[in-house]
Amino acid sequence: MMLIVIGACTQIDCPVENRVYTVYDLLKEDGTTDTLKVDTLTISTKRADGTLDTLLSSAVGITWYELAISYTQPEDEFYYILHDTLGNVYKDTVRVKKENYQHFESVDCQPAYFHKLTEVQTTHHIIEDIEINNSTVNYNATEEHFHIYFKDRY
């Protein structure tokens, strides 16, 4: 009697690029791309221990940017500081409300959290408006999640 054993193997398809970020596109009122040509933008948030964590530091010449968001908090708060070339400093606070849900690929993969954006609010010192363009936040970083409109500065 001959016994044949066939072994099965599994192929684990954990995502190589498993970052979950929100993408902000800078626009003008007419819908064309805005550029922070000479102004510098810094964005920070509070950590759980109350200290500030800088997410974007002194960005110049940008038309879009990515921000990480918390895994499980229902709301994130971001602090925007814009320095213009005339020495003016503008500060705004952006609050993003969201629903968080765990995304499961495999027991062999690291856990991930995806999000559904439900609301965004801002103060209006330099930010004219901010709106949700795509409410689904997952591995797809090609989608613009937010459109942000800065006030005219010159």
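Is Y139 buried, exposed or partly exposed? Y139 is partly exposed, because its relative accessible area is 21%, and buried would require under 20%. This is a predicted model. My points follow.

1. Aromatic pairs. The whole structure holds six aromatic pairs. One of them joins Y24 and F146, and this pair is stacked. The ring centres are 4.6 Å apart, with 20 degrees between the planes. Y24 sits in strand 1, residues 21–26, and F146 in strand 10, so the contact ties together parts that are 122 residues apart in sequence.

2. Burial of that pair. Y24 counts as buried because its relative accessibility is 0%. F146 is likewise buried, at 0% relative accessibility.

3. A second pair. F114 belongs to strand 7, residues 112–122. Y139 lies in the loop between strand 9 (136–137) and strand 10. The pair links distant parts of the chain, 25 residues apart. F114 is buried, with a relative accessible area of 8%, while Y139 is partly exposed at 21%.

4. Aromatic cluster. Y24 and F146 also belong to one aromatic cluster, together with Y65 and Y80.

5. Charged surface. E29, D30, E128, D129, E131 and D152 form a negative surface patch. D152 is found in the segment after strand 10, which spans 146–150. D152 counts as exposed because its relative accessibility is 79%, and the cut-off for exposed is over 50%.

Technical notes. Residues are numbered from 1 along each chain as its sequence is written. This is a predicted model: local features need pLDDT of at least 70, side-chain atom pairs count only at pLDDT 80 or more; totals for chains, interfaces and linings use all residues. Side-chain values use heavy atoms; hydrogens and water are left out. Patches are made of residues with over 30% relative accessible area and no salt bridge: like charges are joined within 9 Å, nonpolar side chains (Val, Leu, Ile, Met, Phe, Trp, Tyr) within 5 Å. Accessible areas come from the Shrake-Rupley method with a 1.4 Å probe; for residues, only the protein chains shown count as cover. A salt bridge is a side-chain nitrogen of Lys or Arg within 4 Å of a carboxyl oxygen of Asp or Glu. Lys and Arg count as positive and Asp and Glu as negative; His and the chain ends are not counted. The place of a charge is taken as NZ of Lys, CZ of Arg, CG of Asp or CD of Glu. Helices (H or I, at least four residues) and strands (E, at least two) are DSSP runs, numbered from the N terminus. Buried means under 20% relative accessible area, exposed over 50%, partly exposed in between (1.4 Å probe, protein chains only). Rings of Phe, Tyr and Trp (its six-membered ring) pair if their centres lie within 6.5 Å; planes under 30 degrees apart count as stacked, over 60 as edge-to-face and the rest as tilted.
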